[in-house]
Amino acid sequence: MWKNKRVLLGVTGGIAAYKAIHLASQLTKRGAIVDVVFTPAAKQFVTALSFSSITGRGVYEDMFTHINGEIAHIHLSKVDYILMVPATKNEIAKLASGVADNLLLNTIYASKAKIYIAPAMNTTMYTHKTTEDALDTLRSFGYTIIPPVSGILACKEHGIGKLDEPEHILEFIEEHETHLDGIFKGKNVILTGGPTISKMDPVRIFTNQSSGKMANALGVALKKRGANVSYIGYFEPTFGPEKYIHIETTEEMLEAVKEASKQGDIFIMCAAPLDYAFESYSTQKVKKAGDLVIKLKRTPDILKTLKKEVQEMIVIGFAAETENHMENGMKKLTEKEMDYIIVNDVSSKTMGMGSAMNAGTILHRSGDRKEIHPMNKDCMAEEILEFVEAQETCM
């Protein structure tokens, strides 16, 4: 896929910049035409001579220069791919915020190329909310994030944030480009995510700890594969679905799914709707007056209720369990007539609801299964869809 493709390799100022030299070499060996752009800080870690010796082409940094008679960032933007490897927290934050204070950022903003961002930083920095929010923003721009891996970091700590090896980065991109022609391309996908709520009065609500992060990661992965995604949830997602339907209650989610299913091909029930809701609603704030006894009512089970409406679709569900995980997951898979179910252990404080990490087991109605070991939710979304692709391709 790389032969005669124009690639701009953006190198930022992180210790992992040395791996970008090997990446430039691998791209060149595959037939790519590779130009390199440094951020000012990149020069603290690598030299231009290392890259130009490998690629036989230029290495650029100066915003205020011309290349072949064109302004530098306009000339360099006319490529097929832009890879920011490594991407530091600083450059990720600036890119997400619209800051254009160096040649690389200006080039990205001016380009219509496919853009891949490979974060590399300390674990605490990578999992910081500002980094998560910035990466979500970049995904909403249509950029693809190449997830870091876990390992020993430059700070001598062990954790996620390590730049993957160049060969694996290229494999990730190649697999991603292949997915664009897979089973999800052009399909109408109904994706639910996050919690539902029940209001007690104008101030108080009853809900759960679902954040919608897993659903958002699935949305990103589906969009990469060319799916048309309608998202139904309480929280608005950041991946940019074709349609967002805001709901509050489980009943509202049920009705929204029912309506969307008329034109759906695939239904992914990633939401965690409330199983119980307040029996009544007070139009006035309930005042404090000693202990309060609250009566709850059962809400409808969306998958059970809509089995007929979604029976012609590929149906993927989730099971959040704290005990007897496989037994409960298989029971739900059968009773709700799903094609796939992802069983999660939500008893962990570091994974599952509200966390950036997840793990679980994907079960197919044929009995096939795949274990997913702890990883960030972006990676888990890829694992889930890859499993579905493999199963559906074989059928």
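Let's start with Leu292, which is exposed at a relative accessible area of 52%; exposed here means over 50%, buried means under 20%, and partly exposed is in between, with a 1.4 Å probe and protein chains only. Leu292 sits in the loop between strand E17 (276–278) and strand E18 (296–298). Helices (H or I, at least four residues) and strands (E, at least two) are DSSP runs, numbered from the N terminus.

A quick word on what we are looking at. This is a predicted model, where local features need pLDDT of at least 70 and side-chain atom pairs count only at pLDDT 80 or more, while totals for chains, interfaces and linings use all residues. Residues are numbered from 1 along each chain as its sequence is written, and side-chain values use heavy atoms, leaving out hydrogens and water.

Now let's go inside. In soluble globular proteins, nonpolar side chains tend to be buried together. A nonpolar core here is a set of buried Ala, Val, Leu, Ile, Met, Phe, Trp, Tyr and Cys residues joined through side-chain atoms within 4.5 Å. Which residues of the largest nonpolar core touch the most other members? Out of 31 residues, they are Leu191, Met214, Leu218, Leu222, Ile268 and Ile384. Several elements supply at least two residues each, among them strand E11 (188–193), helix H9 (213–224), strand E14 (228–233) and helix H13 (377–394). H9 gives the most, with seven residues.

Take Leu222 as an example. Setting aside residues up to four places away in sequence, Leu222 touches Phe184, Val189, Leu191, Ala227, Val229, Ile268 and Leu385, where contact means heavy atoms within 4.5 Å. There is also a second, separate core of 29 residues, including Val11, Ala42, Phe51 and Ala120.

Five of its six residues are buried, so E14 is largely enclosed by the rest of the structure. E14 runs parallel to E11, joined by six bridges, and in that pairing Leu191 is partnered with Tyr231. E14 also pairs in the parallel sense with strand E15 (residues 243–246), over four bridges. Strands count as paired if DSSP finds at least two bridges between them.

Next, an open sheet. Its six strands come in the order E3-E2-E1-E6-E7-E8, with parallel pairing. Which are the edge strands? They are strand E3 (59–60) and strand E8 (144–145), each pairing on one side only. Within the sheet, five bridges join strand E6 (residues 81–87) to strand E7 (residues 114–119), and Ile82 has Ile115 as its bridge partner in E7. E6 also holds Pro86, and the peptide bond from Val85 to Pro86 is cis, with omega near -10 degrees.

Ile82 turns up again beside Thr107, which contacts Leu8, His73, Leu76, Ser77 and Ile82, leaving aside neighbours within four places in sequence. Thr107 belongs to helix H5 (residues 103–110) and counts as buried at 0% relative accessibility.

Finally, the charges. A salt bridge is a side-chain nitrogen of Lys or Arg within 4 Å of a carboxyl oxygen of Asp or Glu, and by this rule the count comes to 26. One of them links Lys19 and Glu165, with the closest N and O atoms 3.0 Å apart. Lys19 lies in helix H1 (residues 17–29) and Glu165 in the loop between strand E10 (158–162) and helix H8 (166–179), so the pair ties together parts that are 146 residues apart in sequence. Lys19 is buried at 6%, while Glu165 is partly exposed at 33%. And to finish, Lys224, Arg225, Glu382 and Glu389 are linked in a network of salt bridges.
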